[in-house]
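I opened the model today to look things up piece by piece. These are my notes, in the order I took them.

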Amino acid sequence: MPPLPVITGLGFITSIGQDRPAVLRSLRELRHGFEPVEFLGNPALPVKVAGTLKGFSFPTTNWRDWRWPDRFTVDRELIRGLAPHGVYAVCALQQALAEAGLAPAQLTDGTTGLYCASAGSAFMLGNFLQQMHETRGERGNPMGIVSSIAGTLNFNLAAHYKIAGAVCGFVSACASSSHALGFAMDEIRLGRQQRMLVVGAEDLSAESIVSFSSLRALSHNPDPATASRPFDRRRDGFVGTGGAVALVVEDASLARQRGAHIYAELAGWGQAGDGYSVAISHPEGAGLREAMRRTLAVARVNATDVDYVNAHATSTPAGDRSEALALHAVFTSGGAKPRISSTKALTGHGLSLAGAMEAAFCALAIDDGFIPGAAHLEEPDPVCAGLDLPRTSLEEQPRLVLNNSSGFGGSNVCHLLRRPT
Amino acid sequence: MKSLSTVPVPSAALSHQDESIRHLPEAAREAFARFQTGGDPAVLDPVLFSILDDYIPRASARPLAELPGNTRLIDDLGFDSLAITEVVFFAEDLFGINITNEEIVQVATLDDLRGFIRAKVTIPAAH
């Protein structure tokens with residue numbers, strides 16, 4: 001039997017829950033994770049809502065001021081090199097390892113690798129550079145670089161967990177952690193690693209979210225109940241969130257040998273570029289369409305076999321339209337009609353975190369036997385006519401689930417997850 | 001409403017130095033205040049030990065103040081070069097001094113550090 005990557009552990013620090021039972025409840029009951037927020041102490045800003053991480057607080061860049069829920073442990077030696085999203089990641093990875101029944105000592109023999117994704121921390125980097133300018137380069141926090149640049153997650157987690165296998169970070173904006181998971185699947189398939197830890201995370205800060213205001217990409221809707229409404233005719237932009245999700249991916253034979261619970265098999269993945277714009281998706285979703293087709297081809301699956309698609313749809317007018325057209329091309333035009341929803345209606349858009357978070361949601365749907373509904377959808381965009389967007393979560397057991405992600409520059413990545421046989 | 005203000009620190013109410021030491025124990029903050037008004041660097045020991053406590057990789061079994069002066073930072077207390085660099089940065093920032101790489105490698109023990117900082121700090125004018 002060739003190696004087959006399977007998911008054996010999941011950890012969540014998300015706006016809709018900070019452990020598996022809470023996330024499951026939110027997905028099943030379509031409970032969103034949004035709160036009114038005020039960025040930069042400026043009530044004039046039109047961005048009023050975010051997917052918040054309850055019980056976490058990062059009021060300054062000084063780690064001594066940071067707070068997290070009591071049930072999580074973050075070593076002081078570790079925290080000095082972390083950004084806020086590193087704290088989320090540590091908490092999520094602790095959960096995932098516990099779920100998978102793995103002790104840290106089992107990760108150090110070189111058969112376990114670590115792939116991560118985040119945009120780095122503009123919050124930490126801004127402070128570090130401000131200090132550099134104030135001292136004209138004469139003084140700086142020794143941890144300034146490793147706590148802020150893209151790669152901060154893999155630097156810190158690999159050192160802390162003494163990972164001797166493959167270690168890398170992925171940067172493709174909102175497809176980043178989907179790339180991390182896809183290439184982690186390849187490490188298993190190619191026999192290079194027996195186990196991969198995959199972590200996606202992002203800060204929730206003005207620096208990470210409000211920056212998108214300059215692109216006119218954020219919702220100005222102040223109502224947490226409707227601000228994020230992918231595929232709805234009245235959608236006006238995305239709602240930002242942060243957090244972390246961790247997945248333990250193992251070769252199926254190793255997982256079975258250990259008696260580990262298998263959430264889902266990872267049947268294949270694919271990617272394709274738009275070749276179109278630095279920041280706008282292709283108007284017909286050309287890259288995403290091709291990424292979906294390649295994923296199905298790699299897994300030797302017909303479009304009609306797919307039961308559920310977790311769409312990338314972020315609630316932006318242009319992006320959701322492109323994805324709807326791509327979904328029509330891959331599915332509707334061939335007579336396929338999978339259930340489709342974007343769970344960003346509940347979580348908000350986690351940027352680099354999004355792909356791993358939504359792959360984990362897909363694994364939960366397969367494991368728990370349900371399909372997340374299309375929350376907050378009241379008036380579907382006419383471009384969605386013919387797509388099956390259930391308004392409530394459904395008690396249906398999906399066998400094959402597709403997870404879509406798209407990032408800046410037209411990076412499109414899809415995963416296909418399968419119910420374990 | 002949740003505030004995601006991330007307003008730059010330090011707050012206007014605190015001086016840069018007060019901001020730097022606001023997390024240290026009260027005894028250390030009082031010692032620093034005595035140094036600022038009296039100018040005697042000999043009173044700085046509680047400040048130094050608090051800084052070391054903040055960055056020590058593994059907690060010391062005994063309070064640092066009770067350890068012999070020849071206790072070695074790396075071999076006995078578990079500091080690595082990165083943690084020492086953090087202590088140096090904190091001291092540079094707090095005392096407004098510059099410490100070169102050559103000077104850092106001369107500091108091996110608690111006494112070395114204590115003597116080095118005493119010699120290095122600029123003594124403020126007494127009020």
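The entries below go from ground rules to the sheet, the helices, the chain contact and a loop.

**Ground rules.** I am working from a predicted model, where local features need pLDDT of at least 70, side-chain atom pairs count only at pLDDT 80 or more, and totals for chains, interfaces and linings use all residues. Residues are numbered from 1 along each chain as its sequence is written, while chains are lettered from A and ligands numbered from 1 in the order in which they are written.

**Entry 1, the sheet.** I traced the sheet in chain A. It is open, has 10 strands with mixed pairing, and runs in the order β5-β4-β6-β7-β1-β8-β12-β11-β9-β10. I took helices (H or I, at least four residues) and strands (E, at least two) as DSSP runs, numbered from the N terminus. Two strands pair if DSSP finds at least two bridges between them.

Then I looked at the edges. β5 (167-170) and β10 (339-341) of chain A each have a single partner strand, so one side of each has no neighbour in the sheet. On average, neighbouring strands are turned by 25° against each other, direction ignored.

I checked one pair inside the sheet. β9 (308-310) and β11 (400-407) of chain A are parallel and share three bridges. A:N310 has A:N403 in β11(A) as its bridge partner.

**Entry 2, helices on the sheet.** I asked which strands helix α9 (residues 286-298) of chain A touches. They are β8 (264-273), β11 and β12 (411-418) of chain A, and the helix direction makes about 140° with that of β8(A). For contact, I need C-beta atoms, placed from the backbone, within 7 Å. Axes are lines fitted to C-alpha atoms, for helices over the stretch in contact, and angles run from 0 to 180 degrees between N-to-C directions.

Helix α12 (residues 354-368) of chain A lies across several strands, including β1 (5-13), β4 (112-117) and β6 (195-202) of chain A. It runs at about 170° to β11(A).

The axes of α1 (residues 20-29) of chain A and α12(A) come within 11 Å and cross at roughly 80°. That makes α1(A) roughly perpendicular to α12(A) (65 to 115 degrees; under 35 is roughly parallel, over 145 roughly antiparallel, the rest oblique). I listed the residues that meet: A:V23, A:L24 and A:L27 from α1(A), with A:F361, A:L364 and A:D368 from α12(A). This contact has five nonpolar residues, no polar and one charged. Ala, Val, Leu, Ile, Met, Phe, Trp, Tyr, Cys and Pro count as nonpolar, Asp, Glu, Lys and Arg as charged, and the others, Gly among them, as polar.

I checked the lengths against an expected span of 1.5 Å times one less than the number of residues. The 17 residues of α3(A) should span 24 Å, and the end C-alpha atoms are 25 Å apart, which agrees.

Next I looked at burial. A residue is buried with 20 or more other C-beta atoms within 10 Å of its own, exposed with 12 or fewer, and partly exposed in between, with C-beta atoms placed from the backbone. α3(A) is mostly covered, with 15 of its 17 residues buried. In α4(A) the buried residues are A:F123, A:M124, A:L125 and A:N127. α3 (84-100) and α7 of chain A are among what covers them.

**Entry 5, chain A meets chain B.** I found 24 residues of chain A in contact with 17 residues of chain B. β2(A) gives the most to the chain A side, with five residues. That side divides into 10 nonpolar, six polar and eight charged residues.

I followed β2(A) across. It pairs in the parallel sense with β1 (residues 2-4) of chain B, over three bridges. A:F39 is partnered with B:L4, and A:E38 stands opposite B:S3. β2(A) also joins β3(A) by three bridges, in the antiparallel sense.

I finished at A:P59, in the loop between β3 (49-51) and α2 (76-79) of chain A. A:P59 is partly exposed, with 14 other C-beta atoms within 10 Å.
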